[in-house]
Amino acid sequence: MQHPAKYSNKLLPIFKTYIDGKKNILDPFAGTGKIKEIAPCATLLEIEPEWAKMAGAVIGDATKMPFNDNSFDAICTSPTYGNRMADHFIDHQKGKYTRNTYRHCLGRSLNKNNSGRMQWGKKYQSLHAKAWRECKRVLSKGGLFVLNISNHIRAGKEMNVTTWHINELAAIGFKLMATHEIKTPRQKNGANANLRVGFESILVLENDT
């Protein structure tokens with residue numbers, strides 16, 4: 001069984017720079033758990049049982065985490081981007097491209113509270129707003145939050161996903177400390193194949209209040 005959105009290897013050294021030496025690290029959107037390559041003792045949370053089993057993760061929902069307040073000194077995660085990987089189609093486009101979506105790779109419908117089924121918009125934003133409040137709850141004061149996120153192209157226009165996350169996190173008391181723009185391989189399939197944002201962002205924030 002595959003997962004369509006594993007961390008690019010180019011991101012891992014930057015993650016490691018920030019979380020190295022942290023004792024209690026959480027990835028609340030774990031997927032197949034690639035963060036374990038740089039943080040073997042990290043706690044992983046994943047909503048889909050099949051991927052949780054692959055990752056050695058706790059099965060759970062990032063919007064209502066089964067952890068006590070102030071349990072972690074660092075969070076390092078990559079949520080979904082709200083792009084076309086959230087499509088629910090199960091067929092490939094014969095002669096054009098092979099679909100690479102969460103639904104297709106899992107082989108069934110996703111949990112209703114999995115952001116991997118949500119296109120960019122109000123539902124996506126509402127879910128992540130709840131998840132970030134939960135991250136603030138379980139992260140100690142002064143704790144580090146490392147977030148991998150990216151804009152994407154929809155109908156020929158760039159969606160400012162990254163800015164939304166920055167503003168939402170600032171509104172609940174996270175302070176932006178650093179931003180990295182990393183050129184990574186992007187998908188070359190689909191309606192916007194020739195219009196791709198050329199980089200992913202890594203945001204480094206501190207739980208300031």
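These legends walk through several close-up views of one predicted model.

**View 1. The whole protein, as a starting point for the close-ups.**
Before zooming in, take a moment to trace the chain. The protein holds 5 helices and 9 strands. Read from the N terminus, its elements follow the order α-β-β-α-β-β-α-α-β-β-β-α-β-β. Of the 209 residues in the protein, 53% are buried.

**View 2. The largest nonpolar core, with Trp-132 and Phe-145 picked out.**
This core brings together 29 residues, and Trp-132 and Phe-145 are the ones with the most contacts inside it. Two or more residues each come from S4, helix H4 (122-138), strand S5 (139-149), helix H5 (161-171) and strand S9 (200-207). The largest share belongs to H4, which supplies 6 residues.

**View 3. A salt-bridge network that joins Asp-69, Glu-134 and Arg-137.**
Start at Arg-137, which forms a salt bridge with Asp-69; their closest N and O atoms are 2.8 Å apart. Arg-137 sits in helix H4 while Asp-69 sits in the loop between S3 and S4, so this pair ties together parts that are 68 residues apart in sequence. Glu-134 and Arg-137 are both in helix H4, 3 residues apart, or about one turn of the helix. Through shared partners, the salt bridges link Asp-69, Glu-134 and Arg-137 into one network.

Is Glu-134 buried or exposed? Glu-134 counts as buried because its relative accessibility is 12%, and the cut-off for buried is under 20%. Arg-137 is partly exposed at 24% relative accessibility. Asp-69, at 48%, also counts as partly exposed.

**View 4. The salt bridge between Lys-16 and Asp-20.**
Here the side chains of Lys-16 and Asp-20 meet, with an N to O distance of 3.3 Å. Lys-16 is partly exposed, its relative accessible area being 35%. In general, side chains of opposite charge can pair when their charged atoms come close. If you are keeping a tally, the salt bridges in this model come to 3.

**View 5. The loop between S3 and S4, seen at Asn-70.**
For context, most residues other than glycine have a negative phi. Asn-70 is found in the loop between S3 and S4. With 52% relative accessibility, Asn-70 counts as exposed.

**View 6. A patch of positive charge on the surface.**
Which residues gather in this patch of positive charge? They are Lys-64, Lys-112, Lys-130 and Arg-133. Lys-64 lies in the loop between strand S3 (58-59) and strand S4 (72-77). Lys-64 is exposed, with a relative accessible area of 61%.

Technical notes: Residues numbered from 1 in each chain as written. Predicted model: local features only at pLDDT ≥ 70, side-chain atom pairs only at ≥ 80, totals over all residues. Heavy atoms only, no water. Patch = residues over 30% accessible without salt bridge, like charges linked within 9 Å, V, L, I, M, F, W, Y side chains within 5 Å. Areas by Shrake-Rupley, 256 points an atom, 1.4 Å probe, with all protein chains shown as cover. Salt bridge = Lys/Arg side-chain N within 4 Å of Asp/Glu carboxyl O. Lys, Arg positive; Asp, Glu negative; His and termini not counted. Charge placed at Lys NZ, Arg CZ, Asp CG, Glu CD. Helix = DSSP H or I, 4+ residues; strand = E, 2+ residues; numbered from the N terminus. Buried < 20%, exposed > 50% of the residue type's maximum accessible area, 1.4 Å probe, protein only. Core = buried A, V, L, I, M, F, W, Y, C linked by side-chain atoms within 4.5 Å.
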